[in-house]
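Good morning, and thank you for making time for this item. I would ask you to keep the structure on the screen while I speak.

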Amino acid sequence: MLSAEAMGDTPHLLLVDDERSIREPLAQYLTKQGFRITQAGDAATARTRLAAYAIDLVILDIMMPGEDGLSLTRHIRETSEIPVILLTARSEETDRIVGLEMGADDYVVKPFSPRELSARIKVILRRAAAGGARQHAPDSGSFAFAGWVLKSGERALVDRDGVSVPLSTGEYNLLHALVTRPRQVLTRDQLLDLTQGREAAAFDRAIDNQVSRLRRKIEADPKNPELIKTVWGGGYTLAAEVTRL
Amino acid sequence: MTRLRLWPRSLAGQMALLIALALLIAQIINFSMLLNERRNFRFEQATGPAVARIVDAVERADQAQLSPNRGRVRLLDTSPIDKAAEHRPEIERGIRDALRESGLTVGRIETAVVDDRPPSLQRRGPPRDRPRDRLRRPGGGELIIAVERAGGGWLVSATPWPRGEGQLFLRLIAQTLILYGIILLPVLWIGRRISRPLRSLASAARDFTPGEVDVPIAEGGPQDLREVVAAFNALRLRVTAMLDEKDRMLGAIGHDLRTPLAALRVRIESVEDDADRIKMADTIMEMDRTLDDILSLARLGRPSEPLTEVDLAALVDAVVEDFRDLGADVTFDEETPRLQMRLRPSLMRRAVRNLIENAVKYGTSAAVTVQAAPSRVEIRVADRGPGIPEDRLADVFAPFTRLETSRNRDTGGIGLGLALAGAIVSDAGGSIRLRNRPEGGLDATIILPR
């Protein structure tokens, strides 16, 4: 996989936040991490910067005076394929879901760790550089499989009768990894890698344990799994048709 | 057991009953006045001629012209009136007064109303249809007047005596019923007209949930009521506006406090010492969580999360699993059967999480169980900590209560956890019971109705 750096130029990020107290130290930190940063204090400035430079990724605060981040996300999505990471507050959950549905690629919740943000930026840039089509954001849309619906926005699993079956963070991450790659064999290492992206600390228990917990929740007979199948040689696969809703 | 209630509860019923009682009293007063007047009139009519005849008879008897067995006034040796007969002292007094006015002095006077004339007073010869007899309507009787003559013997006269009281009663009842019909029907109608908007006002006030889409109550009924309803509608709008304002303010406070926190979080990344930086990050996360708790507690009255059918066992299991992922010693029987409930899942998750968090913080470990009874569900979180002094058990639900002042910030939080859990559970119609277990440790149980 080619990283942006390896291609010889520094990724150019546009950082849009009305709060200087966040924007400036964050720009400093990200510059140290090897990114080129252009700052914008409001949506109007961001629009002119977007037009003036070849921006590789936008980091965007949702709550801004004047035109907000959601509206700017829509504008970016209408005119380009530039990836967007949203900065949100925990209480703005609906805004976050709307933002992701509008085509933002990821989000971090304030107060966020700059390291985590940097890691996410790298993942998204890597994906974009790999030439792949923009992937759906991890927390957008719903997936239907074998009578179940996994709702990403609310992180809920809903059964045939509409009863919600709450999942732990680890279970959710694992199931999400599986439903977004149906019928692919995923090794334990791959699963660990895929599920660690979000809350690393929340996932240092064995994948096998999570799988058996998930099976208890979604399999008709957990001893005889029909949905999450173990693949000989070490790995798991979701043996079901998945429909993106 | 329902007691027969004579006093109706509704406005229309009370109005109708009061008016009915007042009408009845007025009718009774009216009736007694009427009765009195009628008595006087009857006395005049019936006794006037009789007295004149007796005066005349007394004079004739004095001149020995009175034939003892003929005419309307007879002279008898003894009073024909039975001792048991219906005496009329008020008539006797009237007659005495009348005789005195005529200048006559007599001895005893006895009167009585009888159904038939005694034989000594029967008319001789064939009965003739005389106008007088027509006065003897059914229910009427004869008034016998016996006056003791000064010279010995009794002068007795009989005169028809209409006894119309029964009919008068019937008339009163009919009249009252007609009045009731004419007056009570409109009263009931106006009562309903007033009470219907009042009732819808009451139910609207009771069911008022700020934040939900408000349909103003239709203004109906009399003008005064319309004004009350309009005032209530306006009040409701004001309350909603105030709560919206509060939400906006809390959102602004949250945003304004979070922004410097987020700035701080970004800045500490330049701290070289890893241990220091991690501690700082933890402190910032703790502050952020507290801020979140404050905002949730303040917004609880207007939850934005809809009620959802949820498997409560899986919910508790998921919370427990998150704690275990962080390395906390929390146990839960994963085979707990499915338990479908209608609740707000992320709020309930938070309540359960706060109880487990306390157990882990103060009691080092938590054993979580879910038990379902037909009418309720218990989520029990048992720790092995020091428990809570019995006299402080109730205090811990008050916001910002911490039992040990010596407890440092690091583990103590600011005491919102239980307050928030308690508020969430009571909002869901349940309660939290705290109990020190005899074998040591605290037992915190969420009790939810099913």
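In chain A, five strands make up an open sheet, ordered β2-β1-β3-β4-β5 and paired in parallel. The model is a predicted one: local features need pLDDT of at least 70, side-chain atom pairs count only at pLDDT 80 or more, and totals for chains, interfaces and linings use all residues. Residues are numbered from 1 along each chain as its sequence is written, while chains are lettered from A and ligands numbered from 1 in the order in which they are written. Helices (H or I, at least four residues) and strands (E, at least two) are DSSP runs, numbered from the N terminus. Two strands are said to pair if DSSP finds at least two bridges between them.

Axes here are lines fitted to C-alpha atoms, for helices over the stretch in contact, and angles run from 0 to 180 degrees between N-to-C directions.

Strand β1 of chain A, residues 12–16, pairs with β2(A) in the parallel sense over five bridges. In that pairing, H12(A) has R36(A) in β2(A) as its bridge partner. Helix α1(A) packs on the sheet, where it touches β1 and β2 of chain A, and its direction makes about 165 degrees with that of β2(A). Helix α3 of chain A, residues 69–79, also packs on the sheet. Its contacts are with β1, β3 (57–61) and β4 (84–89) of chain A, and its direction makes about 160 degrees with that of β3(A). Contact means that the C-beta atoms of two residues, placed from the backbone, lie within 7 Å.

Let me stay with α1(A). The helix has 13 residues and reaches 18 Å from its first C-alpha to its last, close to the 18 Å expected at 1.5 Å a residue; the expected span is 1.5 Å times one less than the number of residues. Its buried residues are I22(A), R23(A), P25(A), L26(A), A27(A) and L30(A). A residue is buried if 20 or more other C-beta atoms, placed from the backbone, lie within 10 Å of its own, exposed if 12 or fewer, and partly exposed in between. The cover over these residues includes β1, β2 and α5 of chain A, together with α5 (223–267) of chain B. Just after the helix, G34(A) takes a positive phi of about 100 degrees.

That brings me to the interface. The contact takes 33 residues from chain A and 33 residues from chain B. On the side of chain A that touches chain B, the largest share, five residues, comes from α1(A).

Helix α10 of chain B, residues 417–427, is mostly covered, with eight of its eleven residues buried. What covers them includes α6 (274–299), α8 (345–363), β11 (431–436) and β12 (442–449) of chain B. One residue of this helix is L418(B), which counts as buried because it has 23 C-beta neighbours inside 10 Å. Setting aside neighbours within four places in sequence, L418(B) is in contact with N354(B), N358(B), V396(B) and F397(B).

I close with backbone geometry. Most residues other than glycine have a negative phi, and most peptide bonds are trans. The peptide bond from K110(A) to P111(A) is cis, with omega near -5 degrees, and P111(A) lies in the loop between β5 and α5 of chain A. A146(A), not a glycine, has a positive phi of about 45 degrees. In chain B, T364(B) has a positive phi near 60 degrees and lies in the loop between α8 and β9 (365–372).
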